[in-house]
Amino acid sequence: MKLTKIFYVRHELFHQWFGDLVTAESWSNITLNESFATYGEYLWREYKYGKANADELLEEFILYTRLNGMMGGADKKLVRYDYHRADDVFDVVSYQKGALILHMRSVMKLGMLRLGRELKNT
Ligand SMILES: [Zn+2]
């Protein structure tokens, strides 16, 4: 992932809500801050450049999550209480995997709403 200034700006802007207003109780829950801020990057790109462009970012999230799994991180949970140092939870699981789960949840919700409308009209 090419990290540019705008990447940091949009990520940190989302921390105004998830990180500042909503704050994790402990390092174990840091994914609350980071997955929402990372997913916010996707939402911003979708708004600014369109879905196809934003989906390229999702592909990067998927790639990093898969690589992490291949390197032995597949069993890592989003919320972890078994870390040794706070830095241990600032990883692809807390950021990209969490963002992918938020995206999946969003897509499923839209699909259920659409299905509900279609069933209502049949
Ligand atoms: Zn962050």
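**View 1. Buried residues of helix α3 in the predicted model.** Leu57, Phe61 and Thr65 of α3 are buried (20 or more other C-beta atoms within 10 Å of the residue's own, with C-beta atoms placed from the backbone). These buried residues pack against α2 (31-49) and α4, where contact means C-beta atoms within 7 Å; helices are DSSP runs of H or I with at least four residues, numbered from the N terminus. This is a predicted model, in which local features need pLDDT of at least 70 and side-chain atom pairs count only at pLDDT 80 or more, whereas totals for chains, interfaces and linings use all residues. Residues are numbered from 1 along each chain as its sequence is written.

**View 2. Packing of α3 on α4.** Helix α3 (residues 51-73) packs with helix α4 (residues 93-120) at an angle of about 125 degrees, and their axes are 9 Å apart; axes are lines fitted to C-alpha atoms over the stretch in contact, and angles run from 0 to 180 degrees between N-to-C directions. The two helices are therefore oblique to each other, a class left after angles under 35 (roughly parallel), over 145 (roughly antiparallel) and 65 to 115 degrees (roughly perpendicular) are assigned. From α3, the contact is made by Leu58, Phe61, Ile62, Tyr64, Thr65, Asn68 and Gly73, and from α4 by Val93, Gln96, Lys97, Ala99, Leu100 and His103.

**View 3. Surroundings of Val9.** Val9 lies in helix α1 (residues 5-14) and counts as exposed because it has 10 C-beta neighbours inside 10 Å, the limit for exposed being 12 or fewer. Although Val9 and Glu41 are 32 residues apart in sequence, their C-alpha atoms are 9.5 Å apart in space.

Note on methods: Two residues are in contact if their C-beta atoms, placed from the backbone, lie within 7 Å.
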